[in-house]
Amino acid sequence: MALKSNMNFDSDSLFSTASEERKEEKIKQLEEERKLKHQNTKSLDETTEAEMILDRKVVCKNCDKQITYKSLKTSKVRRMESGPDLRPIAKGVDTLKYEVIACPNCGYAAMTRYYEHISLAQLKLIKEQITANFEREDPWPEPVYTYDYAVERYELALACAVAKKGKVSERAFICLHLAWLLKAKLEEMEATDPNYEKTKAEAEKYYRQAYDGFLKAMTSEYYPMCGMDQYTMEYMIAYMSYYFKEITISAKLISGIITNKNVSKRLKDRALLLKEQMMADIKSGRIQLKK
């Protein structure tokens, strides 16, 4: 009996096995997943700063009025390798601009990690020293913060931290962020800009204040500090010591990190790289050891 059929078979389909068909299906599935991942990565690369921002609402701890502030959509932010002094870096946005909550009604401002942690006695100081002299501001009209506006918010947070007698580490952390922001602003300025040298001097001032503050906090506060464990903080201070050519302090901290078995390999590698850089600078004469 002859089999009547309109089906056509080629050699590949005729002699293929079930396992081979499953293998081909798996390959197609993996290829589709690769394409989807590429599309998602491409989407992240093309995301603008405005698309990474959302407006959040919170009730001011000082005046009890609801305020709106801009915050980052964490799912949209693509984190990259941090700078040598642990400055956070992300693709397409400077995340540092969005780490302060500031009330436009009463002037109370703080970095997000410290905003909720304020006592009644500290609020009294804020009212007396900040709110009493504060002029109400209109809401920020733009979709993203500029560096100048972000700096203003941090400076208000610093004034509040001083007024409420906040921890030395908190004040130092704010100064560090101010220095980072001003240095980032410098990268967008021309050296011929009339405000270039002034901005550079401000950045250096805040970086030095941050360094001095962290040195003091190391001997008077407990870890974790500013969200960092002891070794991470010590590495950051070691880099800042190197930056200010205070090599004795830097070398001591680096040595402690490298020889400590509890320190992660990633942080040890950073410390070793800093040590090599410091030794090269000493050898070349770029850094002179104090006698």
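Colleague: Which residues have the most contacts inside the largest nonpolar core, and how many residues does this core have?

Modeller: In soluble globular proteins, nonpolar side chains tend to be buried together. This is a predicted model, in which local features need pLDDT of at least 70 and side-chain atom pairs count only at pLDDT 80 or more, while totals for chains, interfaces and linings use all residues. Residues are numbered from 1 along each chain as its sequence is written, and side-chain values use heavy atoms, with hydrogens and water left out. A nonpolar core is a set of buried (under 20% relative accessible area, 1.4 Å probe, protein chains only) Ala, Val, Leu, Ile, Met, Phe, Trp, Tyr and Cys residues joined through side-chain atoms within 4.5 Å. Here the largest one has 82 residues, and Tyr108, Leu176 and Phe214 have the most contacts inside it. Helix α5 (residues 168-187), a DSSP run of H or I with at least four residues, gives the most to this core, with 12 residues.

Colleague: Which residues does Leu176 touch?

Modeller: With contact meaning heavy atoms within 4.5 Å, and residues up to four places away in sequence not counted, Leu176 touches Tyr207, Ala210, Phe214, Met236 and Met240.

Colleague: How do the axes of α8 and α9 cross?

Modeller: Two packed helices are described by the angle between their axes and the distance between the axes. Axes are lines fitted to C-alpha atoms over the stretch in contact, with angles from 0 to 180 degrees between N-to-C directions. Those of α8 (residues 247-259) and α9 (residues 265-284) come within 9 Å and cross at roughly 145 degrees. Among the residues that meet are Ile254 in α8 and Leu272 in α9.

Terms used
Buried < 20%, exposed > 50% of the residue type's maximum accessible area, 1.4 Å probe, protein only. Helix = DSSP H or I, 4+ residues; strand = E, 2+ residues; numbered from the N terminus.
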